[in-house]
Amino acid sequence: SFNATLILTVSIIDIDDNLPYFIEDQLNETVIENATIGTEVAILQAFDDDSGSNAAVAFRIENENVPFTVETSENSASVILVSSLDREITDSYQLFIGVYNPSALLNITLARAVVNITVEDVNDNRPLFPFFLYHFNVSESATVGSIVAAVTATDEDIGP
C-alpha cells in the first residue's frame, strides 16, 4: 500500500460581516465657555470584530453647524472645539457621532453615539442698568444711612 503526506495551508479570507460598535454610546461632557480652539472635549472608541481593512472604522459628526469636529486615530475619535463658544447664546450641544467602515462601498453610518456637551459659564458680561442716568430726590430730613433709592441691573452670566 502506498501512503503520502501533504502539508496544506488554508487561508481564510475575512468578509465584512460585523458591524462597528461604540464602547460607550452616550457621553456627558462639559467645556468652559472660553475654552481655546483645539480643546479636546470628548474621546470615543469604536471597534469592528472583522479583520484587516474590514475592521477599520472612521467617525463623523452628523450634526451641521456645530463648533466641533472629530479627529480619528485608529479606533478612537476625539471631539475637538473648532470655533468659539458663547454660553449666553448656546448653553449645550447634543452631538450625534456616527461610525462607519471606510473600506465599504457605501460610507453609511453603522452605529451612533450621543455626546451631550454642557457649556460652563465664565463671567464675561458686565452688569447693565436699564437707564443711563437716574434722578432721585432726597428729603433734607433723611437720616444718615437711610435708603434713598433702589436700582437694579441685569447680567447675562449665571451665578454670583
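Author: A residue is called buried under 20% relative accessible area, exposed over 50%, and partly exposed in between, with a 1.4 Å probe and protein chains only. N65 has 78% relative accessibility, so N65 counts as exposed.

Reader: What kind of model is this, and how are residues and atoms treated?

Author: This is a predicted model, in which local features need pLDDT of at least 70 and side-chain atom pairs count only at pLDDT 80 or more, while totals for chains, interfaces and linings use all residues. Residues are numbered from 1 along each chain as its sequence is written, and side-chain values use heavy atoms, with hydrogens and water left out.

Reader: Where is N65, and what is its phi?

Author: Most residues other than glycine have a negative phi. N65 has a positive phi, near 55°, and lies in the loop between β4 and β5.

Reader: Which loop holds E74, and is E74 buried or exposed?

Author: E74 is in the loop between β5 and β6. Its relative accessibility is 70%, so E74 counts as exposed. Phi of E74 is also positive for a non-glycine residue, near 55°. The loop is the turn of a hairpin: β5 and β6 are separated by two residues, with E74 in the turn.

Reader: How are strands assigned and paired, and which strands make up the antiparallel sheet?

Author: Strands are DSSP runs of E with at least two residues, numbered from the N terminus. Two strands pair if DSSP finds at least two bridges between them. In the antiparallel open sheet, four strands follow the order β1-β3-β6-β5. β1 and β5 are the edge strands, each pairing on one side only.

Reader: How many bridges join β5 to β6, and which residue is the bridge partner of T69?

Author: β5 and β6 (residues 76-81) are joined by six bridges and run antiparallel. T69 has I80 in β6 as its bridge partner, and T72 stands opposite A77 in β6.

Reader: What is the strand order in the sheet with mixed pairing?

Author: That open sheet also has four strands, in the order β2-β8-β7-β4. β2 (26-32) and β4 (58-61) are at the edges with a single partner strand each, so one side of each has no neighbour in the sheet.

Reader: In which sense do β2 and β8 pair?

Author: β2 pairs with β8 (residues 111-120) in the parallel sense, over seven bridges. V31 is opposite V119 in β8.

Reader: How many aromatic pairs does the structure hold, and what makes a pair?

Author: Rings of Phe, Tyr and Trp (its six-membered ring) pair if their centres lie within 6.5 Å; planes under 30 degrees apart are stacked, over 60 edge-to-face, and the rest tilted. The structure holds five such pairs. For F22 and F59 the ring centres are 6.0 Å apart and the planes are at 55°, so the pair is tilted. F22 is in β1 (residues 21-22) and F59 in β4, 37 residues apart, so this pair links distant parts of the chain. Both F22 and F59 are buried.

Another pair is F68 with Y93, with centres 5.3 Å apart and planes at 80°, so it is edge-to-face. This pair also links distant parts of the chain, F68 in β5 (residues 68-73) and Y93 in β7 (residues 92-100), 25 residues apart. F68 and Y93 are both buried. Ring pairs also link F129, F131, Y134 and F136 into a cluster.

Reader: Which residue lies over the face of Y100?

Author: A charge sits over a ring if NZ of Lys or CZ of Arg is within 6 Å of the ring centre and within 35 degrees of the ring normal. R60 lies over the face of Y100, 4.1 Å from the ring centre.

Reader: Which backbone atoms does the N63 side chain approach?

Author: A polar contact is a pair of N or O atoms within 3.5 Å; within protein, one must be able to donate a hydrogen and the other to accept it, and residues adjacent in sequence count only if both atoms are side-chain atoms. A polar atom of the N63 side chain lies 2.8 Å from the backbone oxygen of Q94, and the side chain reaches the backbone nitrogen of F96 at 2.7 Å. N63 is in the loop between β4 and β5. With contact meaning heavy atoms within 4.5 Å, N63 touches Q94, L95 and F96, not counting residues up to four places away in sequence.

Reader: What does F47 contact, and where is F47?

Author: F47 lies in β3 (residues 40-47). Leaving aside neighbours within four places in sequence, F47 is in contact with L19, P20, Y21, I23, V57 and N75. At 29% relative accessibility, F47 is partly exposed. The C-alpha atoms of F47 and V99 are separated by 9.2 Å, with the two residues 52 apart along the chain.
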